[in-house]
Amino acid sequence: MQKIDPEAYRKRLERMSAIFGEMVEHADEQSLTRCPYKDRHDRCTALFGCRHRRPSEEGLPHCVSDDKLDYRSAWESAPAEAVDKMRDRLKKGRKNEQ
Amino acid sequence: MAELGDIQNEFIRAEIEEYLERPEEIERNIELFSRSRPKMQDMAAALIDGDNDTVDQLTREALDEGIEALEVMDDGLIAGMGIVGIKFRENIIFVPEVLACARAMKAGMAHIEPILSASGIDPVGTVIMGTVKGDLHDIGKNLCIMMLRGSGFVVHDLGVDTSEDEFMDAVEEHEASLLGMSALLTTTMPNMGKTIEAFIDADLREDVKIMVGGAPVTQEFADDMGADGYGKDALACVDLAKQLLEEIEEEQNA
């Protein structure tokens, strides 16, 4: 079996990391203005449901989102606290039921 | 000086002509592909097209024919991924297409791994990755996996909706030293904690470093859940994975 020089391989890894690193940075920027699950043909590739989906005869459903919403600003910024609060609410709810 | 017509593969020629705009990138790619073998051009074309079966087949054939693994990487896989990167940057393709190309690259790299092993080049580390139980969001996880693989890690992807038992079984089966869990929903985030508790209950917690991530996850949440580290994005994931491996090495040497 052929052999690979470790130093030569390391250089290839660096090249791959650089390419993927740029892609990941771009994906992060792009996700502010376009749903990352939407492919180049505006088809939805998500495994979960979405209200922007419309059925298609070609397989993957179509996405009808206008991409104007920055969904990230709507996300919880202090999830640990939110989870605790939710647990408290559940506990209180259970007590009230009893 | 090479010209576009010197490239045999029609698909590659069309890609350069249609999608590349920066003169230095056009020149570099024409230079690269015009001197590469037709099989390498075909491999790059299949990778750009996200066709992992063809990449798999061409890589196997190339290595069987005695083509050097580094040439396969340079002229086939990395050359193709370079074009993918440009098309993504220019918003011609999007994340789902990029991930398909990354899967095609993995199919090719799978044939190079035995050669790396025979050359005494070990993977940087072995990582189990999955989205937690009840969560079907996988883009962030998939980008992390792409970055980790591109950095020399072996990654076993458990996909979405991963149960505690599936995480534990995979860590044991692959003797992985790292586990990465992802969640996008505040409702599924507690399942990270439950999985960590399951590792403790099964007396496996000391065997693996656990990292967590996902858009709503924070360092504070990771600490609360008892994770070993938190990565805010795919770039941070690779740095964290390397840092945790160093910690493992230090603990073993202590």
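**Exercise 1. At what angle do helix α3 (residues 38-48) of chain B and helix α4 (residues 52-64) of chain B pack, and how far apart are their axes?**

Before we start: this is a predicted model, where local features need pLDDT of at least 70, side-chain atom pairs count only at pLDDT 80 or more, and totals for chains, interfaces and linings use all residues. Residues are numbered from 1 along each chain as its sequence is written, with chains lettered from A and ligands numbered from 1 in the order in which they are written.

*Step 1.* Helices here are DSSP runs (H or I, at least four residues), numbered from the N terminus.

*Step 2.* You get about 155 degrees, with the axes 9 Å apart.

*Step 3.* Angles over 145 degrees count as roughly antiparallel, so α3(B) is roughly antiparallel to α4(B).

**Exercise 2. Which residues of α3(B) and α4(B) meet?**

*Step 1.* Look for contacts (C-beta atoms, placed from the backbone, within 7 Å).

*Step 2.* From α3(B) come B:K39, B:D42, B:M43, B:A46 and B:L47; α4(B) brings B:T54, B:V55, B:L58, B:T59 and B:A62.

*Step 3.* Sorted by class, that's six nonpolar, two polar and two charged residues. Ala, Val, Leu, Ile, Met, Phe, Trp, Tyr, Cys and Pro count as nonpolar, Asp, Glu, Lys and Arg as charged, and the others, Gly among them, as polar.

**Exercise 3. How many residues of chain B are in contact with chain A?**

*Step 1.* Count both sides: 45 residues of chain B touch 37 of chain A.

*Step 2.* α5(B) gives the largest share of chain B's side, nine residues.

Note on methods:
Two residues are in contact if their C-beta atoms, placed from the backbone, lie within 7 Å. Helices (H or I, at least four residues) and strands (E, at least two) are DSSP runs, numbered from the N terminus. Axes are lines fitted to C-alpha atoms, for helices over the stretch in contact, and angles run from 0 to 180 degrees between N-to-C directions. Angles under 35 degrees count as roughly parallel, over 145 as roughly antiparallel, 65 to 115 as roughly perpendicular and the rest as oblique.
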